[in-house]
Structures are given as C-alpha cells and as structure tokens.
Amino acid sequence: MKKRNTITGIITVIAMFLVLSIAIGVIYSVKQTNASIDEDNSSSVQNETPDEKENEIKPEPTDFDTYKAMWISYLEFENIDFSSEQSFVNDITKIFNNCKEMGLNTVIVQVRPFGDALYNSKIFPTSHIITGKQGDELKYDPLEKMVSIAHSNGLRIEAWVNPYRVKLSSNKPSNLADNNPANDESLVFEVNGGVYYNPALSKVQDLVVSGVEEIVKNYDVDGIHLDDYFYPTTDLSIDKPYYEMVNSNISQEDWRRENVNTLVKKLYSAIKKIDSTVTFGISPQGNNDNNYNMQYSDVNLWLKESGYVDYIMPQLYWGFNYLTSSGRTDYQFENLSKQWEAYPRADSVKLYIGLGAYRIGAGDGGSNDQSEWESGENLAKQVQMLNSIDGISGFALYRYDNLFNNGEYSQLAQKEVESLKNTLK
C-alpha cells in the first residue's frame, strides 16, 4: 500500500510539472506575440508622418518594355467636374478606364500648369482650375485620387509639371493667390502678357525642386514629367542684367542653357534621392534646333550624359508625308523618328516619341495632301512604325480629348481609337 502511494505521488508530481511547463510556455508565447505586435504598431505609428505616401502600391504593368502613354492636360481638367469628390472620381475614372481599354499603361497628368497645384501643397496655391479661384481650400485631394484610381487600373501615373509658367496671359489665370510665390516680383518677368519665373535665379531653381520633392514624398507617383516649356522668349534684354551680374565668359545664350541644365540635373538628383524608382522625363519639341536656339534646352546633352533624365520624348507631331512650303522632307514622321534615334544616347536614357492626336482631321499644316490625317488610322500606323525601330521604346498621345471628346472630328477620332486598340492589343 505504501509502495502504491509512493508511485501515485511520483506520477502526480510529474503531471503537475508537465502542466506547469505547458502553462509557462503558453504565457511566454503570448508575451512574445504581444511584444511583436506592439513593436509593429509602434513602428507604424512612428513612421506615419505627413510626408508618407499613403496610396496603393505601384503596379507593375506586364508590358512595360513599351511605354504607352496618354497626356491629360489642364485643358482636360477644365472640362472635369471638381465640385465634389465623387463627381471628380467618376470623371477621372472614366478617363483612366478609356486609356486602359485602349491598351495604354501610363497616364501623364498635368498637376502644376500655372505655378499652382492640383494637389495639397504647402508651397504652391491650389489651382484655379479646381474651384475657379486660385488659392481656395481643397475639400479633397485630386492627385491622391488620381494615383489611387490609376494604380487600381494597373496604370502608371506621372505628375506633369510646368516649371516656369505662372500666367499664360493676363487672364489665365486672372488673379494670383495671396500665397503664390510669384507675387515676389524679383523672381519673375513678363513676356507678352504672360508671367514666368526667371530660370537664372537659384531661388527659382530651389523653388521648382522643392515643389517636385513635395510631390515625390507625398504621393506614390511613378514619374515626374516636364514638357517643352523652358525659356519663354529669345529676347535677350529681359534677363541681360542678370547675365551681366555673373560676369560670365560664355555667351548669354550658353548661359541660359546652363541655367536650364542646372535645373534639370537638380531635379533628377532630388527625385532619385527620395525614390530611385520614380522616373524623370522631358518631352521637348520635335524640332531640336528650336529646343537649342529658342528655348535654350540642350536636349542632346541630356540624351548622351547620365544624370539628367530617364527618358526624352520629342513631340513629332507631323505626318508621314509632311512637306514644308519649300518642299523639304526632313520633318516627315519616319525621317524625324530615325533622326532622333540616331542621336548619341546614354544606356540609362530611353527614347519615346510624342504623337499628335490633335492632328486628327485638322492636318499638320504641311504643303502636301492631308488625307493621311483623315484615314482614321494614322496614329496606329505611326505606332507600328515606331515598333520597327529598335532604339525607340514607346510613345505618348497628345492629348486625351482629341481622341475621346473630339467634337469637330468625332467619327475620325473614334476610328483612330479603334485602330489604336487593334494595334496595341
């Protein structure tokens, strides 16, 4: 009996030990899990700053060997209903859906057309395009919505910025907001009724760079895009005093080019420092002589040296048969495409081509027969030709309304859309 009691006692002790061990293990596991959760939550809270991007993860289009984009300008935005968040979402969703259904993978949206912002900015005033008055308070953030809608459709989205333009004319926009940096008259000059930031000033360059940094930090955009608006005039008197102040040993024209080069390089560096995956591209004029001599943009330099851009997209807005009044053929689409492809280019720089959808029905102004722009398939043929040139990696269409809201040539535009769909599918 005593022996049996002894055995029973031993078994009881062992059982209690096992139960205690299991309990301790459970408690330790729970503590470790809670600690992990607390650590994750703490990290999340600490990282939630106003500058954090809160939009959806960037898409990875399955066919991004070819860049296929649509320009959506302030002219499109003038016809969009900004009166409520839902109205805006409905309108922009329709636009992006049409781009996606056509077979495109990128939208280029103009978010700073006049030294203003179609987004929540601490640097530039809210655009008059949203409410009719520059500087009004935003009730929702259009760019935030556009990023989310684009990404949910598998589209890349690039923020298109005009670096220097403040006013296109005396009434566009009619008035500047009180908080507009351009109210500092020492930063701007007037050209033919328009107002532009002075590209020579380091304060202006820093302002433009800060504005782009704000976008890249706060929005999950896939790229920053500039078009062909640099120096607004060839009149050298307008900034000659600034040129004379620097006592430069180069010509005033080359000095202007250096001012633009400096801005472009600063923008590229600033973007890559924040997010190396964000692309930076520029769409200059198709006439490269004009870029160099009229806008003081040394595009060949940006092409051949890394550190300026990720891509160049010249605007080749002429047809296959274009003739100048003197009969020259060098601006014909195929000839000009091959000319741009032949320019020396760094391995890191892509070449895309801008196509002129606004030529549909209206023609390109050449002295030749204009029937190619009335064929309903000219843009599709241009895309097909670009696909045959190894050094060209894509295109963009200027602009959305000319394809989807073309009141004057609606049937031709619809045919062009269907032709493009068939080419891009």
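**Helices H11 and H12**

I looked up where H11 meets H12: Phe333, Glu334 and Ser337 in H11 are in contact with Gln382, Met385 and Leu386 in H12. Contact here means heavy atoms within 4.5 Å. Helices (H or I, at least four residues) and strands (E, at least two) are DSSP runs, numbered from the N terminus. The model is predicted, so I note that local features need pLDDT of at least 70 and side-chain atom pairs count only at pLDDT 80 or more, while totals for chains, interfaces and linings use all residues. Residues are numbered from 1 along each chain as its sequence is written, and side-chain values use heavy atoms, with hydrogens and water left out.

The contact of H11 with H12 divides into 3 nonpolar, 2 polar and 1 charged residues. H11 covers residues 333-342 and H12 residues 378-387; they pack at an angle of about 35°, with their axes 11 Å apart. Axes are lines fitted to C-alpha atoms, for helices over the stretch in contact, and angles run from 0 to 180 degrees between N-to-C directions. The crossing of H11 and H12 is right-handed; that is, the near helix is turned clockwise from the far one by less than a right angle, anticlockwise being left-handed.

**Helices H6 and H8**

I then checked H6 (residues 202-218) against H8 (residues 252-274): their axes come within 10 Å and cross at roughly 25°. That makes H6 roughly parallel to H8, a label for angles under 35 degrees. This crossing of H6 and H8 is right-handed. The residues of the contact of H6 with H8 divide into 9 nonpolar, 3 polar and 4 charged. On the H6 side they include Val208, Val209 and Val212, and on the H8 side Leu263, Leu267 and Ile271.

**The sheet of 9 strands**

I read the strand order of an open sheet of 9 strands as S10-S9-S8-S7-S3-S2-S1-S12-S11, with parallel pairing. Two strands pair if DSSP finds at least two bridges between them. S10 and S11 stand at the edges with a single partner strand each, so one side of each has no neighbour in the sheet. S11 pairs with S12 (residues 394-398) in the parallel sense over 4 bridges, and Ile353 has Phe395 in S12 as its bridge partner. Helix H3 (residues 85-102) lies across S1, S2, S3 and S12, running at about 155° to S1.

I also followed Thr279, which lies in S8 (residues 279-282). Beyond its neighbours within four places in sequence, Thr279 is in contact with residues including Arg156, Glu158, Asp222 and Asp310. Thr279 and Asp222 are 57 residues apart in sequence, with their C-alpha atoms 6.4 Å apart.

**The sheet of 3 strands**

I found 3 strands in an open sheet of order S4-S6-S5, with antiparallel pairing. S4 (165-167) and S5 (188-191) are the edge strands, each with a single partner, so one side of each is left without a neighbour in the sheet. The twist averages 30° from one strand to the next. S4 pairs with S6 (residues 194-197) over 2 bridges in the antiparallel sense; Val195 in S6 is the bridge partner of Lys167.

How values were computed:
Parallel < 35°, antiparallel > 145°, perpendicular 65-115°, else oblique. Nonpolar A, V, L, I, M, F, W, Y, C, P; charged D, E, K, R; others polar.
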